[in-house]
Amino acid sequence: RSHDGKVMEGQKSNASVVMTTEYSGHVECSETPSPPQHIIVSNVTSTSLTVQWMPPINPNGNLEFYKVHYSNIGNGTPVESLEIKDFLSYHLTGLTPYTNYSIYVTVTN
């Protein structure tokens, strides 16, 4: 949080682009936290995947939660985001088979 109590979202991690049938391995390359580190996408199936990360090097205060952002890059579906507390991974489900997704993680303090 900033000095005036506002919640501040930090820098986003590098984005990973993944097709839901297998991991592509492609990575696109103040007071806010630095981005989460070592983003890994694993356990990829036709409709789900697991995203894992490590905490930021410079948290700049207490970390409130992480956000996993993902979007379908094939049809331009807007980014969806999920708030994750107390965990360094998340299993995304309900994905569209044979679809490329852009995935990145941010942290909020």
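I count a contact when heavy atoms lie within 4.5 Å. I note at the start that the model I am reading is predicted.

**Entry 1: the whole chain**

I looked up the secondary structure of the protein chain and found zero helices and eight strands. Read along the sequence, the pattern is β-β-β-β-β-β-β-β. I then checked burial: of the 109 residues in the chain, 40% are buried. The chain exposes about 6,200 Å².

**Entry 2: Gln37**

I went to strand E3, residues 37-42, where Gln37 lies. Which residues does Gln37 touch, not counting those up to four places away in sequence? I listed Trp53, Met54, Pro55, Pro56 and Ile57. I also looked at the side chain of Gln37, which reaches the backbone oxygen of Pro35 at 2.8 Å. For a distance between C-alpha atoms I took Gln37 and Gln52, which are 9.4 Å apart in space. In sequence, Gln37 and Gln52 are 15 residues apart.

**Entry 3: strands E3 and E4**

I looked up how E3 pairs with strand E4, residues 49-54. The sense is antiparallel, and the pairing runs over four bridges. I picked out Ser42 and found that its bridge partner in E4 is Thr50. E3 and E4 form a hairpin with six residues between the strands. In this hairpin I noted Asn43, which takes a positive phi near 50°.

**Entry 4: His69**

I moved on to strand E5, residues 65-72, and found His69 there. Is His69 buried or exposed? Its relative accessible area is 7%, and the cut-off for buried is under 20%, so His69 counts as buried. I then followed the side chain of His69 to a polar contact with the side chain of Thr106, at 2.9 Å.

**Entry 5: Asn109**

I finished with Asn109, in the segment after strand E8, which spans 100-108. Its relative accessible area is 1%, so by the cut-off of under 20% Asn109 is buried as well. What lies by the polar atoms of its side chain? I found the backbone oxygen of Asn60 at 2.6 Å from a polar atom of the Asn109 side chain. I also found the backbone oxygen of Pro59 at 3.4 Å from a polar atom of that side chain.

Conventions: Residues are numbered from 1 along each chain as its sequence is written. This is a predicted model: local features need pLDDT of at least 70, side-chain atom pairs count only at pLDDT 80 or more; totals for chains, interfaces and linings use all residues. Side-chain values use heavy atoms; hydrogens and water are left out. Helices (H or I, at least four residues) and strands (E, at least two) are DSSP runs, numbered from the N terminus. Buried means under 20% relative accessible area, exposed over 50%, partly exposed in between (1.4 Å probe, protein chains only). Accessible areas come from the Shrake-Rupley method with a 1.4 Å probe; for residues, only the protein chains shown count as cover. A polar contact is a pair of N or O atoms within 3.5 Å; within protein, one must be able to donate a hydrogen and the other to accept it, and residues adjacent in sequence count only if both atoms are side-chain atoms. Two strands pair if DSSP finds at least two bridges between them.
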